[in-house]
Amino acid sequence: MADDTPLQRQATKLVDEAIKTLSYPDKRRRVALRRALGKSPEDPAVRAAHMVVAPVLPTGCDQATERAFYAVASMIAAQPRDARDNTTGSDEDEAEESEQDQADDAVPVDQMESLGATLGRAVGADELREKTMEARLHLMCRQDLDGIHRHLPRLIATLRAELLPVSWTRLTIDLARWGRQRDLVTKRWLQDYYRKVHDEKTKRVKNKQKSEGEDQ
């Protein structure tokens, strides 16, 4: 696999810039990103979003990478109010998030939590319905480039409405890989999903057994 370090660096910058729009007094930048949700970069409705995305977009990138950057920025901006507040948080939380964004440059991409792992952890912890989320993940994995950008925003909105965390940097990179390495990305999403479901369910059983043992 090609070295993703330059892409990771730019993806981290993108996430940082998109998150900043959530707390800007001037809401025009966030509104511009929200209008771009689910649209291709060529769509006239996306024109205002270029002021946020273009400065951090990798030079000469392919279509999948370009769409990934615009899609993730718009999904960050389009989060429900509670999720936006959860993303920005207090001044202390923002400082911690800034440190985490910087740390993302040092963490290998494949060690960040994938979308599949996020769904699996939530399902295993009984926070989301298993049959529904499993079906939706398999639907995502069957999509071509246009399809994934058509279906993904609704799934991400569901996660953020439940205040479930999303690794925006990892999601950006996975979507950027979709054009040439979709099968690899989807394989990892599914492996991560089933692994996390198993691990979380096993943990719940052990905790229940431990609790019952203490009550006796």
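About 40 Å³ of space lies in the second largest cavity of this predicted model. Here a cavity is a set of points, on a 1 Å grid over the protein atoms alone, where a 1.4 Å probe fits but cannot get out. Its volume is the space filled by probe spheres set on the points, with grid points joined across faces, edges and corners. Who lines this one? Lining residues have an atom within 4 Å of a point, and for this second largest cavity they are E113, S114, L115, T118, V166, S167, R170 and L171. Helices α7 (115-124) and α10 (168-215) each bring at least two of the lining residues. Helices are DSSP runs (H or I, at least four residues), numbered from the N terminus.

A quick word on the ground rules: residues are numbered from 1 along each chain as its sequence is written. Because the model is predicted, local features need pLDDT of at least 70 and side-chain atom pairs count only at pLDDT 80 or more, while totals for chains, interfaces and linings use all residues.

Now for the largest cavity, which holds about 80 Å³ of space. Of the 13 residues that line it, the closest to its centre are G38, K39, R67, A71 and H149. Helix α4 (63-77) and helix α9 (145-161) each supply at least two lining residues, and α4 gives the most, with five.

How do α4 and α9 sit against each other? They pack at an angle of about 15 degrees, with axes 11 Å apart. The axes are lines fitted to C-alpha atoms over the stretch in contact, and angles run from 0 to 180 degrees between N-to-C directions. That angle makes α4 roughly parallel to α9, a label for angles under 35 degrees. Contact means heavy atoms within 4.5 Å. On the α4 side, the contact is made by Q63, A64, R67, A68, A71 and M75, and on the α9 side by L145, D146, H149, L152, P153 and I156.

Helix α4 has another partner, α1 (residues 5-20): these two pack at an angle of about 30 degrees, with their axes 9 Å apart. So α1 is roughly parallel to α4. From α1, the residues in the contact are L7, Q10, A11, L14, V15, A18 and I19, and they meet T65, F69, V72, A73 and I76 of α4.

Key: Side-chain values use heavy atoms; hydrogens and water are left out. On a 1 Å grid over the protein atoms alone, a cavity is a set of points where a 1.4 Å probe fits but cannot get out, and a pocket is an open set with protein on both sides within 12 Å along at least five of seven lines; lining residues have an atom within 4 Å of a point. Angles under 35 degrees count as roughly parallel, over 145 as roughly antiparallel, 65 to 115 as roughly perpendicular and the rest as oblique.
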